[in-house]
Amino acid sequence: MKYLIIVTIVWAFSFSLIGEFLAGRIDSYFAVFVRVALASLVFLPFTKFRNIRFDLQISLMAIGAVQIGIMYLFYYNSFLYLSVAEIALFTIFTPFYVTFVYDICLKRFRALYLISVGIAVFGAFVIRYNDISNDFVIGFLLVQGANLCFGLGQSAYKVLIEKHDLKNQSEVFGYFHFGAFFVTIFAFLTFGDFAKISVDFTQGLILLWLGVVASGIGYFMWNKGGVSVDSGVLAIMNNALIPVAIIVNLIIWQKDIEFIKLFLGSIFIILSLIIHVKIMRFYNKQ
């Protein structure tokens with residue numbers, strides 16, 4: 001759980017940095033490629049290339065290709081159609097994808113999880129509901145594509161690690177980033193706008209932060225933490241990012257927020273975790 005909390009704080013800063021300094025200013029495919037390339041370099045020295053099952057390598061690469069490779073392509077392009085507030089609002093559906101995919105992987109359906117996860121989604125909705133622009137359909141679909149990829153990757157990684165009972169995940173996590181690297185370099189070379197790949201000093205530092213810390217270290221800690229907690233808790237923690245991101249915007253960027261919405265929404269998210277613990281105990285007794 002501590003890994004999820006730490007990464008939530010890191011990603012809260014990253015979320016606003018993209019909207020403030022990168023979106024619309026540099027090519028989104030280039031930004032995604034640089035971010036993933038840096039993350040791959042972080043884990044290259046730790047990656048074990050010998051005595052690793054080939055099917056495990058391919059599975060991890062496929063998960064990384066989906067969870068951060070394809071997800072980033074959806075996510076960064078959504079900034080071209082939506083405001084940061086709208087994107088944050090539409091990410092509240094991620095917990096549903098996490099729980100559904102995980103149950104599908106294990107060929108089961110825990111219906112009561114919908115209660116706790118639903119409360120978390122409602123809490124995030126309370127915090128982030130604002131007037132939505134008329135031209136939002138494309139952006140909404142892009143965010144849902146990102147949500148689905150992120151939820152699918154988290155659940156698939158959790159199932160894979162539990163199946164193989166891997167103790168030292170750092171030895172194989174490089175394959176996760178390698179899979180994303182191949183997707184993003186292909187997308188950049190195919191769709192990228194080479195006229196918009198120059199970055200200033202501030203943007204360079206932000207890309208370095210996003211690649212090394214938010215992606216490289218962040219995704220390892222998030223997925224490692226996800227393996228050690230229940231799938232419902234993992235799903236709910238996806239929405240914990242929203243109130244933290246709002247606090248970051250308030251302190252650093254002086255963005256206007258509605259404190260009543262923030263307080264009420266956060267209460268619902270905390271309540272969802274309490275209720276979920278009780279639901280977990282109910283299923284464990286069966």
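The points below take the pocket, then the patch, then the charged pairs.

1. The model is a predicted one. Residue numbers run from 1 along each chain as its sequence is written.

2. The second largest pocket has a volume of about 220 Å³. Its lining consists of 13 residues. Those that lie nearest the centre of this pocket are Met 237, Ala 240, Pro 243, Val 244 and Ile 269. Two or more lining residues come from each of helix H1 (2–22), helix H10 (231–252) and helix H11 (259–285). Helix H10 gives the most, with five residues.

3. The lining of the second largest pocket has no charged residues. By class, eleven of its residues are nonpolar and two are polar.

4. H1 and H10 are the elements that give two or more residues to the patch. Both helices also give two or more residues to the lining of the second largest pocket.

5. The salt bridge count comes to three. In one of them, the side chains of Lys 158 and Glu 162 meet at 3.0 Å, N to O. Both residues lie in helix H7 (residues 137–164), four residues apart, which is about one turn of the helix. Lys 158 is buried, at 3% relative accessibility, whereas Glu 162 is partly exposed, at 36%.

6. Another salt bridge joins the side chains of Arg 108 and Asp 103, at 3.2 Å from N to O. Is Asp 103 buried or exposed? Asp 103 counts as buried, because its relative accessibility is 2% and the limit for that class is under 20%. Arg 108, at 28%, counts as partly exposed.

7. Asp 55 and Arg 53 also meet through their side chains in a salt bridge, with 2.8 Å from N to O. Arg 53 is exposed, with a relative accessible area of 52%, and Asp 55 is partly exposed, at 36% relative accessibility. The class of Arg 53 follows from its 52%, because exposed means over 50%.

Terms used
This is a predicted model: local features need pLDDT of at least 70, side-chain atom pairs count only at pLDDT 80 or more; totals for chains, interfaces and linings use all residues. Side-chain values use heavy atoms; hydrogens and water are left out. On a 1 Å grid over the protein atoms alone, a cavity is a set of points where a 1.4 Å probe fits but cannot get out, and a pocket is an open set with protein on both sides within 12 Å along at least five of seven lines; lining residues have an atom within 4 Å of a point. Grid points are joined across faces, edges and corners, and a volume is the space filled by probe spheres set on the points. Ala, Val, Leu, Ile, Met, Phe, Trp, Tyr, Cys and Pro count as nonpolar, Asp, Glu, Lys and Arg as charged, and the others, Gly among them, as polar. A salt bridge is a side-chain nitrogen of Lys or Arg within 4 Å of a carboxyl oxygen of Asp or Glu. Buried means under 20% relative accessible area, exposed over 50%, partly exposed in between (1.4 Å probe, protein chains only).
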